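Me: I have a model open beside me and would like to learn how to read its side-chain features. Could you take me through them one by one?

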Amino acid sequence: MRGTPHNARRPRKVVTAATATVAVGALLSALSPLPAAGATSDERDVPLRQAFRNAAERHHVPESVLMGVAYLESRWDTHRGLPSVTAGYGPMHLTDARSAITDFPRRGDGGDDPRGDVGRPLTDVGPPTADTRALPPSLTTLDRAAGLTGLRAEELREDPAANVEGGAALLAQAQKSLGEPLSSDPASWYGAVARYSGADDSATASVFADDVFQVIRDGATRTTDDGETLTLAAHPGLAPDTSRLRSLGLRTVPADGTECPRTIACEWLPAPYEEYGTDDYGNHDLADRPHDQKIDYIVVHDTEATWDTTLQLVQKPDYLAWHYSIRSADGHVDQHVRTKDVGWHAGNWYVNAKSVGIEHEGFLTDPGTWYTEAMYRASARLVRYLARRNGIPLDRQHILGHDNVPGPTPANIPGMHTDPGPYWDWAHYFQLLGAPFRQTAGPGSALVTIAPDYVSNRPVYTGCATAGDTCPSRGSTAVRLYTEPREDAPLVKDTGLHGDAPSTTGVNDTGARASTGQQFAVAERRGDWTAIWYLGQKAWFHDPRGHRAALPATGLLVTPKKGRGEVPVYGRAYPEASAYPAGVPVQPEAPLPYGLLAGQSYAVGQVTRGEYYRAVTFDASQHVVVRGEQRYYEIQFGHRVAWVKAGDVTLRPSWAPFSPAGTSPRGGA
């Protein structure tokens with residue numbers, strides 16, 4: 001599929017529909033029942049709204065049901081023929097794992113030590129290569145759609161109209177397999193929608209179907225990534241017949257044993273806490289959070305492996321463990337580690353000890369493609385639940401991507417992971433969390449929240465499928481940062497990653513990237529450009545009037561204390577040496593190769609005290625929490641967070657007047 005001109009497709013018409021349900025039964029004369037006499041590819045290049053209508057009438061599926069399923073899979077985006085992170089194509093998320101893995105071989109994004117503990121390093125355990133020899137039916141639904149419609153696999157992957165027809169055919173087949181008529185009444189299609197999810201348990205299938213019918217009840221209007229505006233009219237009184245769910249023959253998931261909200265399908269699949277070898281254990285550490293340590297963060301990952309492989313790996317004592325895994329196609333959740341215990345997932349031991357790790361199924365991580373709406377919704381419900389239980393604020397200083405976790409020492413920086421990457425839709429995710437990013441200050445604020453329009457913000461990335469190649473154009477959550485207010489200027493430097501060399505446009509290079517929801521102090525404004533303080537330097541991003549990429553915000557800022565030309569920045573919050581009890585080695589402070597310089601300001605996420613969880617033995621009774629008195633501020637320093645000692649800096653509100661103390665010796669005034 002590489003080299004096919006997905007982004008060269010001619011633009012689709014913008015069509016707004018007032019209703020989404022039409023009478024089903026009449027076949028379109030323009031479409032024959034078999035492709036031998038069917039439409040050509042050019043004839044199929046129709047607006048997506050018309051494609052839903054055509055497929056609904058042809059396969060006798062209520063149009064509202066077809067659009068509801070597509071919304072929960074893709075929010076009606078076509079993604080220009082690119083696969084999701086779990087090999088699903090098009091609005092209907094038809095899966096073709098063999099083609100996707102062949103066209104987008106995974107290379108991985110880092111080689112960090114997942115424990116991130118200099119006191120007990122763990123050998124890097126890289127994810128395995130996806131095996132295409134024995135794929136489950138959930139990863140090959142496109143093959144079934146091809147068999148039902150006679151359409152070629154290439155058409156089903158790349159042509160949105162064909163893709164919608166394939167999805168309609170699968171829904172119709174599911175309805176018939178339940179012995180149900182192809183009714184025009186959407187209420188009778190609950191069982192077929194549940195089967196379309198591909199779930200193997202009744203709880204997940206039910207949540208998927210419930211969400212689809214909630215979309216139908218509420219209605220929806222959205223402009224897709226192709227620029228077409230679609231409307232699904234609301235059906236507030238629709239009450240689906242859920243009785244056919246029992247006919248699917250799905251397994252029942254035990255309702256207890258997990259820490260999950262009732263609004264998701266959640267299953268307990270424990271990670272082992274076991275000894276192995278001569279003097280080792282895994283794959284997590286026992287603790288007693290939040291009684292012995294406060295949980296401050298939730299870290300969002302993607303798995304870099306298929307669902308089945310992910311579950312196999314997390315059950316190996318010599319591998320790694322995180323707290324939850326979420327399946328992409330249907331939003332099913334497995335919990336592996338109690339939230340009171342410490343998972344090995346973030347590559348920074350301080351963050352591990354203070355966080356819950358959530359892995360999202362995604363084995364096509366290098367293409368940086370897309371995630372399903374079902375997965376976003378399940379993840380947001382889980383995060384909202386965990387945040388409420390643990391008193392975690394719903395902001396980007398506490399809800400971190402793995403790519404926002406800093407290396408604990410300079411040596412760790414190059415190997416830190418970059419998932420979920422620049423295509424994760426943080427704005428939509430926080431809308432689902434009930435905490436959307438909003439303007440909270442006037443236009444001259446000293447603080448901004450990064451918030452580009454996801455669909456239209458399309459910075460060029462390289463290295464998705466092949467090193468150096470340009471990635472297909474698509475929406476991104478990140479803005480690119482330059483040394484000057486012009487797009488032909490060099491990118492800003494990340495000395496920890498690249499030394500004195502500029503950052504690159506690589507999809508896994510976080511050195512010159514600010515992401516949606518992150519907050520930065522404004523350094524300067526010039527025309528349609530805004531500069532922020534970033535890794536000790538001015539970093540410019542395009543912020544044109546009428547199409548802003550950032551929102552004015554209020555918050556707290558830190559700057560070096562008067563008389564300090566530079567203060568150190570850390571990848572963790574260290575206790576002072578006097579806080580360590582006898583027998584516990586003092587963790588040596590290792591400042592990162594950056595500096596917070598005089599005249600610069602950075603946004604504060606929270607205040608905390610230095611802490612270290614000493615866990616190096618299988619006997620959890622020997623584990624020790626070292627708590628210091630030294631206070632730290634978590635700051636948004638670059639793409640990743642960092643910490644500075646409170647005694648080194650001055651704290652001020654963003655709305656207070658500020659006069660820079662001088663000229664920065666490394667990065668501009």
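Me: Which residues do ring pairs link into a cluster?

Reply: Ring pairs link Tyr-371, Tyr-376, Trp-424, Trp-426, Tyr-429, Phe-430 and Phe-437 into a cluster. Rings of Phe, Tyr and Trp (its six-membered ring) pair if their centres lie within 6.5 Å; planes under 30 degrees apart count as stacked, over 60 as edge-to-face and the rest as tilted. Before going on, please note that this is a predicted model: local features need pLDDT of at least 70, side-chain atom pairs count only at pLDDT 80 or more, and totals for chains, interfaces and linings use all residues. Residues are numbered from 1 along each chain as its sequence is written, and side-chain values use heavy atoms, with hydrogens and water left out.

Me: How many aromatic pairs does a search of the whole structure find?

Reply: The search gives 26 aromatic pairs. A pair of aromatic rings is described by the distance of the centres and the angle of the planes. Take Tyr-376 and Tyr-429 as an example: their centres are 6.3 Å apart and their planes are at 55°, which makes the pair tilted. Tyr-376 lies in helix H12 (residues 373-390) and Tyr-429 in helix H13 (residues 426-432), so this pair ties together parts that are 53 residues apart in sequence. Helices (H or I, at least four residues) and strands (E, at least two) are DSSP runs, numbered from the N terminus.

Me: Are Tyr-376 and Tyr-429 buried or exposed?

Reply: Tyr-376 counts as buried at 6% relative accessibility, and Tyr-429 is buried too, at 0%. Buried means under 20% relative accessible area, exposed over 50%, and partly exposed in between (1.4 Å probe, protein chains only).

Me: Which ring does the charged end of Arg-338 sit over?

Reply: The general idea is that a charge sits over a ring if NZ of Lys or CZ of Arg is within 6 Å of the ring centre and within 35 degrees of the ring normal. For Arg-338, the ring is that of Trp-268, with the charged end 3.9 Å from its centre.

Me: What does the side chain of Thr-559 reach?

Reply: A polar contact is a pair of N or O atoms within 3.5 Å; within protein, one must be able to donate a hydrogen and the other to accept it, and residues adjacent in sequence count only if both atoms are side-chain atoms. The side chain of Thr-559 reaches the backbone oxygen of Gln-600 at 2.6 Å. Thr-559 is in strand E22 (residues 556-560) and counts as buried, with 7% relative accessibility.

Me: On to the cysteines. How many disulfides does a search of the whole structure find?

Reply: There are two disulfides, a disulfide being a pair of cysteine sulfur atoms within 2.5 Å. Cys-260 is joined to Cys-266, S to S 2.0 Å, and both of these cysteines are buried. Cys-464 is joined to Cys-471, S to S 2.1 Å. The torsion about the S-S bond of Cys-464 and Cys-471 is about 100°, so this disulfide is right-handed. Cys-464 is buried at 3% relative accessible area, and Cys-471 is buried at 8%. With the bonded cysteines numbered in sequence order, the pairing reads 1-2, 3-4.

Me: What should I know about the backbone?

Reply: Most residues other than glycine have a negative phi, and most peptide bonds are trans. Here a cis peptide bond joins Gly-282 and Asn-283, with omega about -5°. Asn-283 lies in the loop between strand E7 (280-282) and strand E8 (284-285). The bond from Asp-419 to Pro-420 is also cis, with omega near 5°. As for positive phi, Arg-75 has a value near 55°, and Arg-75 is buried, with a relative accessible area of 13%. His-93 has a positive phi of about 55°, and lies in the loop between E1 and strand E2 (94-95).

Me: How many helices and strands are there in the chain?

Reply: The chain has 14 helices and 28 strands. Of its 669 residues, 61% count as buried.
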